[in-house]
Amino acid sequence: MLNSVRFRITLWYAAALAVTLSLFSWLVYNNLESSLNENTDQLLAYRAEGVADALEAYLETERIEVGRHSRAAAKQKAFYRIAPELVQLHADDPRQAAVDLRIMDASGKELIGSGNSELAPELPDRTLRDALKGNAAYDTVAMRMANGAQMLYRSYSTPASGSAGTAYIVQAYRPTYHTQFALRNLRYMMMALVPLIVFFTGAFGMFFARVALRPVADMARTIRQITAASLSMRLAPPRTRDEIRELADLFNAMLSRLEDSFLSERRFIQDASHELKTPLTILKGELEVALKKARSPGEYEEVLRSNLEETEKMSAIVGDLLTLARFDNREVRLDRKPLEPAALLADAAERLRGVAEKSGVAIELESAAQVPAVSGDRAQLSRLFLNLLDNAVKYSPAGSKVGVRIYSESGRAAVSIADSGPGISAADLPHIFKRFYRADSSRSSAGFGLGLPIARSIADVHGAEIRVDSGPRGSIFTVLFPPTA
Ligand SMILES: Nc1ncnc2c1ncn2[C@@H]1O[C@H](COP(=O)(O)OP(=O)(O)O)[C@@H](O)[C@H]1O
Ligand SMILES: [Mg+2]
């Protein structure tokens with residue numbers, strides 16, 4: 001299960017999903033955090049600056065109305081008349097989030113405030129110095145509450161300047177728990193949701209992968225039942241048109257090929273046994289008859305002669321089978337040399353002359369002037385031509401000719417052997433190179449149907465090609481050698 005494709009795909013998929021979702025959550029969270037903070041900062045600045053502007057305007061009028069040199073007490077009175085109003089006005093805007101405001105003097109002491117001054121965040125020294133220099137500043141200050149809890153405040157402090165520089169400092173502040181609460185909620189939700197989503201998607205993925213791979217499981221079940229005895233079984237290809245379908249089709253095609261070669265192997269053994277059984281039966285029968293009673297030396301000799309003939313036949317079959325087996329197992333070592341095709345054919349014709357003369361068939365050799373040499377094993381190629389020529393002579397009627405032509409076809413050496421025999425029927429043509437195959441018409445003649453298979457094996461190892469043209473007026477077997485580099 002842990003090793004299954006299904007599990008691995010799901011695992012990779014879930015891992016990828018977890019990474020992308022986490023990245024996405026992180027981006028969303030950060031974005032929200034910075035935009036919330038920005039909002040707060042803007043709000044604080046807006047409120048504080050509003051009060052500071054009003055205060056500055058007041059300081060301006062005071063100079064005109066109360067007079068530059070009026071007493072401090074008179075100034076104080078005037079300030080306390082307008083300041084609370086200002087602070088209240090800016091602090092409670094029902095349309096906006098609550099913000100507390102306070103006005104401090106130039107030493108940082110609170111004069112007026114909208115909130116509980118105990119709970120107001122203190123003004124850091126640096127911010128105070130900045131304000132005296134005429135600059136506004138943001139601060140995040142942690143305050144310890146009465147119950148021991150810590151509370152974070154965000155504040156904005158800005159100077160309100162009169163004619164003699166910074167006269168007051170206006171501070172707008174607000175606890176940050178609103179945004180922190182919202183962000184914490186989001187964080188918890190993401191931490192719970194991301195694994196949950198990954199888990200459920202993984203589970204669904206696992207399920208769908210199982211559905212998608214079900215044909216594979218079905219195929220595996222069928223394949224398990226296939227043995228040498230049931231090679232005719234086939235996979236039921238899934239109805240889809242996908243890779244699995246392709247695999248099933250390929251597997252079925254492979255089974256067909258295996259079945260074919262298995263069946264032909266079996267048929268071959270059957271044919272070989274059959275072919276050997278006939279001479280053996282004859283041999284056995286003759287020996288039994290000979291042993292029934294005492295015979296004259298002449299009779300014994302005749303029996304022995306006949307036995308020898310059958311033995312030779314069997315020996316020839318076994319020899320051919322051995323040759324084919326060596327070709328099949330690629331055990332044939334070729335002694336490759338450049339050879340003249342004309343010389344090979346002359347040699348083969350010479351060896352068959354006796355047989356040909358006996359059946360009244362003439363072999364005519366005709367060689368073109370320039371034929372490329374072929375690279376090959378002399379003994380093997382001789383055998384190839386001997387087999388073809390032997391058939392041509394064997395299936396030719398008495399008084400006819402077998403024409404052997406040696407020529408070159410687009411730079412390749414070619415040899416054609418033409419007879420005017422009965423030809424090969426279209427039904428037999430695809431089979432004549434099969435082992436032990438003999439057309440019905442040639443059953444009576446000598447041979448076991450191993451000549452052409454051997455010829456083909458020899459041609460194959462030489463990279464040569466054998467073509468057959470056959471009609472009612474004879475056959476032409478052509479051997480085409482590969483071009484010599
Ligand atoms: N020249 C030919 N003319 C007619 N039939 C042929 C010829 N050569 C081969 N055949 C057919 O092909 C079959 C296979 O040939 P081969 O393998 O040489 O076996 P064999 O010669 O022992 O019969 C022959 O039995 C015959 O039917
Ligand atoms: Mg033959």
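Visitor: In E4, which residue is the bridge partner of Val141?

Guide: The bridge partner of Val141 in E4 is Tyr153. Helices (H or I, at least four residues) and strands (E, at least two) are DSSP runs, numbered from the N terminus, and two strands pair if DSSP finds at least two bridges between them. Here E3 and strand E4 (residues 150-162) run antiparallel and are joined by 8 bridges. Before we go on, note that this is a predicted model, in which local features need pLDDT of at least 70 and side-chain atom pairs count only at pLDDT 80 or more, while totals for chains, interfaces and linings use all residues. Residues are numbered from 1 along each chain as its sequence is written, and chains are lettered from A and ligands numbered from 1 in the order in which they are written.

Visitor: What is the order of the strands in the open sheet?

Guide: The open sheet has 5 strands in the order E2-E1-E5-E4-E3, with antiparallel pairing. Its edge strands, each pairing on one side only, are strand E2 (110-113) and strand E3 (137-144). On average, and with direction ignored, neighbouring strands of this sheet are turned by 30 degrees against each other, where axes are lines fitted to C-alpha atoms, for helices over the stretch in contact, and angles run from 0 to 180 degrees between N-to-C directions.

Visitor: How many residues lie between E1 and E2 in their hairpin?

Guide: There are 4 residues between E1 and E2, and Gly108 in the turn has a positive phi of about 95 degrees. Strand E1 (residues 100-105) runs antiparallel to E2 and is joined to it by 3 bridges, and Ile103 stands opposite Ile112 in E2.

Visitor: Why is Gly205 called partly exposed?

Guide: A residue is buried if 20 or more other C-beta atoms, placed from the backbone, lie within 10 Å of its own, exposed if 12 or fewer, and partly exposed in between. Gly205, found in helix H4 (residues 177-225), is partly exposed because 18 other C-beta atoms lie within 10 Å. Leaving aside residues up to four places away in sequence, Gly205 touches Thr10 and Tyr13, contact being C-beta atoms, placed from the backbone, within 7 Å.

Visitor: How many residues surround ligand 1?

Guide: A residue is near a molecule if its C-beta atom, placed from the backbone, lies within 6 Å of it. Around ligand 1 there are 21 residues, the closest being Arg438, Ala439, Gly447, Gly451 and Leu452. Helix H8 (378-394) and helix H9 (451-461) each supply at least two residues of this shell, and the largest share, 3 residues, comes from H8.

Key. Contact = placed C-beta atoms within 7 Å.
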